[in-house]
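Subject: Handover of a model, with notes

Dear colleague,

I am passing on the structure below, together with notes on what was found in it. Please read the notes with the sequence and the model side by side.

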Amino acid sequence: MSAHVYPPASLVEDNAGAWLKTLAKYRQPRLGRSAFELFVTLVPFAIFWAAACFSLANGFWPGLIAILPASAFLLRLFMIQHDCGHGSFFSRRGLDDWTGRLLGVLTLTPYDYWRRAHAAHHATAGNLDERGVGDITTLTITEYCALSPIKRLGYRLYRHPLVMFGIGPAWLFLFKQRLPFGMMNSGALPWISTMATNFAIVTLAALMVWAVGLGTFLLIHLPVVLLAGAAGVWLFYVQHQFEETHWSAGEDWRFPQAALHGASHYDLPPVLRWLTGNIGIHHVHHLSSRIPYYRLPEVLRDHPQLAGIGRITLWDSLKCVRLVLWDDRRRRLVSFHDAAGSLRRSLTEDGRKTK
């Protein structure tokens, strides 16, 4: 655990809505800084990718370690694409959109399709009545118990770490995002974006295969994409799937409270914080998504009372993997084992009341 001492969360719990106005002054990006962030991410990605390729071509196997930093910088490029989707990177819609579309060719993520799904996620995060778009499927204990045995098994497999962080990212980035599933009634733009991105991916891949050969290209780029994808899914997971996250339904759901308390502050070491584009300051991002990622640390510096809200460390995050069901009675995420215990206690209490 970190040695930092943060002001108690109770200081801000009742003022979530007021923070919207407070955070507005951080929403303006700096054009020079944004261009610099893009440069220091794109160029190292290309250098490390080329270094791994050169090492493979010359039989210098230790050089393949360059795949790891290449993956990290590809993840960071996705974070820039993410900010473009919120209109917060350059704060110029045309420039943000075209930067995001071009980066989507590298991240295998069709920009306009992803942007719409992600906007739905931001608008409904923590709302039990609006689950299913752009988020990780999460059932309540009651919903899980109502499933047939085969569907319970399906949910358990879906939430298994091997599927969630192994098979899942491969399916998402290599296959699912090749067609705009779920956007059939959203107009032509998601389709155009997806097909144009696919065409650009095939064109770029063909050029790279021509330059370095099919085997070399696949042996370098597939691990880079899959490692970056797994890291991205992990980040998204722990940003919302932590024990004291916020879920509510109906009139109890309010955007400011859901944003501030339904997303975590993933307090990472400085190097990881930089490589992940400060996305760990996720509660502030959800509360005011137009803040550029490089200004999020300014918010915590100026308002340290926010740092303790939903804070989890790297060690804490490892424990989040077992949290799979929402307990309505205790208002927290729990494991399958804890859910069984909670259900037994509930049945016991109900039995006592009927006597």
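This is a predicted model: local features need pLDDT of at least 70, side-chain atom pairs count only at pLDDT 80 or more; totals for chains, interfaces and linings use all residues.

Ile 291 touches Leu 23, Tyr 26, Arg 27, Asp 83, Ser 88, Val 284, Leu 296 and Val 299, when residues up to four places away in sequence are left out, a contact being heavy atoms within 4.5 Å. This residue is found in the loop between α14 and α15 (296-302); helices (H or I, at least four residues) and strands (E, at least two) are DSSP runs, numbered from the N terminus. Ile 291 is buried, with a relative accessible area of 1%, where buried means under 20% relative accessible area, exposed over 50% and partly exposed in between (1.4 Å probe, protein chains only).

Residues are numbered from 1 along each chain as its sequence is written, and side-chain values use heavy atoms, with hydrogens and water left out.

For the chain as a whole, the secondary structure comes to 17 helices and five strands, and 48% of the 355 residues count as buried. Of the contacts in the chain with a separation of 6 or more, 70% are between residues 24 or more positions apart.

The UniProt annotation "transmembrane region", from an unreviewed entry, covers residues 35-57, 63-80, 157-176, 188-210 and 217-237; UniProt positions are given in the numbering used here, feature names are shortened, and annotations may be inferred rather than shown by experiment. In the model, the span 217-237 is 100% helix and 0% strand, with its end C-alpha atoms 30 Å apart, whereas the span 157-176 is 85% helix and 0% strand, with its end C-alpha atoms 18 Å apart.

Next come the helix pairs. Helix α4 (residues 67-85) and helix α5 (residues 93-107) have axes that come within 8 Å and cross at roughly 150°, the axes being lines fitted to C-alpha atoms, for helices over the stretch in contact, with angles that run from 0 to 180 degrees between N-to-C directions. That makes α4 roughly antiparallel to α5, since angles under 35 degrees count as roughly parallel, over 145 as roughly antiparallel, 65 to 115 as roughly perpendicular and the rest as oblique. The crossing of α4 and α5 is left-handed, a term used if the near helix is turned anticlockwise from the far one by less than a right angle, with right-handed used if clockwise. The residues of this contact divide into seven nonpolar, six polar and two charged, where Ala, Val, Leu, Ile, Met, Phe, Trp, Tyr, Cys and Pro count as nonpolar, Asp, Glu, Lys and Arg as charged, and the others, Gly among them, as polar.

α4 also packs with helix α11 (residues 214-240), at an angle of about 55° and with the axes 8 Å apart, so that α4 and α11 are oblique to each other. Here the crossing is right-handed, and by class the contact of α4 with α11 has 15 nonpolar, two polar and no charged residues. Among the α4 residues in this contact are Leu 74 and Met 79, and among those in α11 are Pro 223 and Leu 235.

The axes of helix α6 (residues 111-124) and helix α10 (residues 189-212) come within 6 Å and cross at roughly 135°, and α6 and α10 are therefore oblique to each other. In this contact there are four nonpolar, three polar and three charged residues; Arg 115 and Arg 116 are among those from α6, and Ser 193 and Thr 197 among those from α10.

Some single residues remain. Leu 108, in the loop between α5 and α6, has a positive phi of about 60° although it is not a glycine, and at 9% relative accessibility Leu 108 counts as buried. Asn 278, in the loop between α13 (270-275) and α14 (282-287), has a positive phi of about 55° and is likewise not a glycine; at 10% relative accessibility, Asn 278 counts as buried.

Best wishes
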